[in-house]
Amino acid sequence: MLPSVMRWNRSANAERQALVAAAMGQPGKDAADVLDDFIRGLGMPRSLQDVRIGPEHFDRIAEQAMGTPWIPRNPRKIDTPAQLREILVMAA
């Protein structure tokens with residue numbers, strides 16, 4: 001999920017993401033891509049499909065996630081479950 005979350009948040013925290021890419025030894029590259037490559041190298045799941053979560057689950061996940069404490073702290077403001085669904089689609 002994290003690479004997709006980073007891509008969705010890029011407009012709100014591109015400078016911080018650049019620091020992440022640099023810290024991972026790849027300055028100037030897209031931090032979400034750097035992290036995705038790192039996860040791939042570990043052999044970990046990289047999509048929701050890889051862990052058997054499909055689009056039929058997205059609405060319920062998005063609705064439930066709205067009540068979690070990290071939504072108000074997200075770098076890019078999240079006002080609706082539809083915005084969370086955008087991230088889930090990216091991570092599919």
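The buried residues of α3 pack against α4, where "buried" means under 20% relative accessible area, "exposed" means over 50%, and "partly exposed" is anything in between (1.4 Å probe, protein chains only). Helices here are DSSP runs of H or I with at least four residues, strands are runs of E with at least two, and both are numbered from the N terminus. This is a predicted model, in which local features need pLDDT of at least 70, side-chain atom pairs count only at pLDDT 80 or more, and totals for chains, interfaces and linings use all residues. Residues are numbered from 1 along each chain as its sequence is written, and side-chain values use heavy atoms, with hydrogens and water left out.

So which residues of α3 are buried? They are Phe58, Ala62 and Ala65. Seen down the axis of α3, these buried residues fall within an arc of 70°, so they line one face of the helix; the arc is that of the directions from the helix axis to the C-beta atoms. Turn to the other side of α3 and you find Arg60, Glu63 and Gln64 exposed.

Now look at α4. Here Gln83, Leu84, Ile87, Leu88 and Ala91 are buried.

**The cores**

In soluble globular proteins, nonpolar side chains tend to be buried together. A nonpolar core is a set of buried Ala, Val, Leu, Ile, Met, Phe, Trp, Tyr and Cys residues joined through side-chain atoms within 4.5 Å. The largest one in this model has eleven residues: Trp8, Leu48, Phe58, Ala62, Ala65, Ile71, Ile78, Leu84, Ile87, Leu88 and Ala91. Both α3 (58-65) and α4 (81-91) supply at least two residues of this core, and α4 gives the most, with four residues.

Leaving aside its neighbours within four places in sequence, Ile71 is in contact with Ala65, Met66, Ile78 and Leu84, where contact means heavy atoms within 4.5 Å. Apart from this core lies another, of seven residues, among them Ala21, Ala32, Val34 and Leu35.

**Charged pairs**

Side chains of opposite charge can pair when their charged atoms come close. A salt bridge is a side-chain nitrogen of Lys or Arg within 4 Å of a carboxyl oxygen of Asp or Glu. The count comes to six salt bridges by this rule, including these:

| Pair | N to O distance |
|---|---|
| Arg7 and Asp33 | 2.6 Å |
| Arg10 and Asp30 | 2.7 Å |
| Arg40 and Asp36 | 3.6 Å |

What does the salt bridge between Arg7 and Asp33 tie together? Arg7 lies in helix α1 and Asp33 in helix α2, so the pair ties together parts that are 26 residues apart in sequence. Arg7 is partly exposed at 28% relative accessible area, and Asp33 is partly exposed at 37%.

Next comes the salt bridge of Asp30 with Arg10. This pair links distant parts of the chain, with Asp30 in the loop between α1 and α2 and Arg10 in helix α1, 20 residues apart. Asp30 has a relative accessible area of 24% and is partly exposed; Arg10, at 31%, is partly exposed as well.

Val20, Met24, Phe38, Leu42 and Met44 make a nonpolar surface patch of about 440 Å². Patches are made of residues with over 30% relative accessible area and no salt bridge, where like charges are joined within 9 Å and nonpolar side chains (Val, Leu, Ile, Met, Phe, Trp, Tyr) within 5 Å. Met24 sits in the loop between α1 (2-23) and α2 (31-42), and is partly exposed with a relative accessible area of 31%.

**The whole chain**

How many helices and strands does the protein chain have? It comes to four helices and zero strands, in the pattern α-α-α-α along the sequence. The C-alpha atoms fill a box of roughly 40 × 30 × 20 Å, taken along the principal axes. Of the 92 residues, 32% count as buried. The accessible surface comes to about 6100 Å², of which 56% belongs to carbon and sulfur atoms; accessible areas come from the Shrake-Rupley method with a 1.4 Å probe, and for residues only the protein chains shown count as cover.
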